[in-house]
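Biologist: Hi! Could you walk me through this model?
Modeller: Happy to, here it is.

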Amino acid sequence: MSSSDSSSPTFNSIATILETDFKVERSAISPATALSDLGLDSLALMEFVFAVEDAFHLRIPEDRLDPREAGITLQRLCEVIDTESSGAPAPSTQSVEAHA
């Protein structure tokens, strides 16, 4: 993990959404912050995920990220967004070519 994670464009966009739309203090927002520690209730968490999806013009499959799941961090959310937006398969997907 590089030290530039907290200044990535993806992270900055997420932080701005949290600050602007959900009134979360900027000091409470870091890559290591768990979604459950943002002080948002379950409805607000779902709205936050929808806002992030709209901002990045993508849909996050629930099997990739369930915001109600304990321990999901903003860093994890960034990773899922970057993976989804790049169109790359999830790391857990096994290669079909392996048996060729």
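Biologist: Great. What should I know before I read any numbers?
Modeller: This is a predicted model, where local features need pLDDT of at least 70, side-chain atom pairs count only at pLDDT 80 or more, and totals for chains, interfaces and linings use all residues. Residues are numbered from 1 along each chain as its sequence is written, and side-chain values use heavy atoms, with hydrogens and water left out.

Biologist: Thanks. How many helices and strands does the protein chain come to?
Modeller: Three helices and zero strands, and the pattern along the sequence reads α-α-α. Helices (H or I, at least four residues) and strands (E, at least two) are DSSP runs, numbered from the N terminus.

Biologist: And how much of the protein chain counts as buried?
Modeller: Of its 100 residues, 37% do. Buried means under 20% relative accessible area, exposed means over 50%, and partly exposed is in between, using a 1.4 Å probe and protein chains only.

Biologist: What share of the contacts joins residues 24 or more positions apart?
Modeller: Such pairs account for 54% of the contacts with a separation of 6 or more. Contact means heavy atoms within 4.5 Å.

Biologist: On to the packing. At what angle do α1 and α2 pack?
Modeller: About 130°, with the axes of α1 (residues 9-22) and α2 (residues 42-56) 10 Å apart. Axes are lines fitted to C-alpha atoms, for helices over the stretch in contact, and angles run from 0 to 180 degrees between N-to-C directions. α1 and α2 are therefore oblique to each other. As for the cut-offs, angles under 35 degrees count as roughly parallel, over 145 as roughly antiparallel, 65 to 115 as roughly perpendicular and the rest as oblique.

Biologist: Which hand does that crossing have?
Modeller: α1 passes α2 in a right-handed crossing. A crossing is left-handed if the near helix is turned anticlockwise from the far one by less than a right angle, and right-handed if clockwise.

Biologist: Which residues meet there?
Modeller: From α1 you have Thr10, Ser13, Ile14, Ile17, Leu18 and Phe22, and they meet Ala44, Glu47, Phe48, Ala51, Val52, Ala55 and Phe56 in α2. The residues of this contact of α1 with α2 divide into ten nonpolar, two polar and one charged. Here Ala, Val, Leu, Ile, Met, Phe, Trp, Tyr, Cys and Pro count as nonpolar, Asp, Glu, Lys and Arg as charged, and the others, Gly among them, as polar.

Biologist: How do α1 and α3 cross?
Modeller: Their axes come within 9 Å and cross at roughly 120°. That makes α1 oblique to α3, and the crossing of α1 and α3 is right-handed. Thr10, Phe11, Ile14 and Leu18 in α1 meet Leu74, Leu77, Cys78, Ile81 and Asp82 in α3. By type, the residues of the contact of α1 with α3 are seven nonpolar, one polar and one charged.

Biologist: That leaves α2 and α3. What is the picture there?
Modeller: α2 and α3 pack at about 35°, their axes 12 Å apart. Phe48, Val52 and Phe56 of α2 make the contact with Leu74, Leu77 and Ile81 of α3. The residues of the contact of α2 with α3 are six nonpolar, no polar and no charged.

Biologist: How many residues are in the largest nonpolar core?
Modeller: It has 25, and those with the most contacts inside it are Ile14, Leu18, Leu40, Phe48, Ile60, Leu74 and Leu77. α1, α2 and α3 (74-86) are the elements that give two or more residues to this core, and α1 gives the most, with six. A nonpolar core is a set of buried Ala, Val, Leu, Ile, Met, Phe, Trp, Tyr and Cys residues joined through side-chain atoms within 4.5 Å.

Biologist: What does Leu74 touch?
Modeller: Leaving out residues up to four places away in sequence, Leu74 touches Phe11, Ile14, Leu18, Ile29, Ser30, Pro31, Thr33, Leu35, Leu38 and Phe48.

Biologist: Is Glu53 buried or exposed?
Modeller: Glu53, which lies in helix α2, is buried, with a relative accessible area of 5%. Beyond residues up to four places away in sequence, Glu53 touches Leu58, Arg59 and Ile60.
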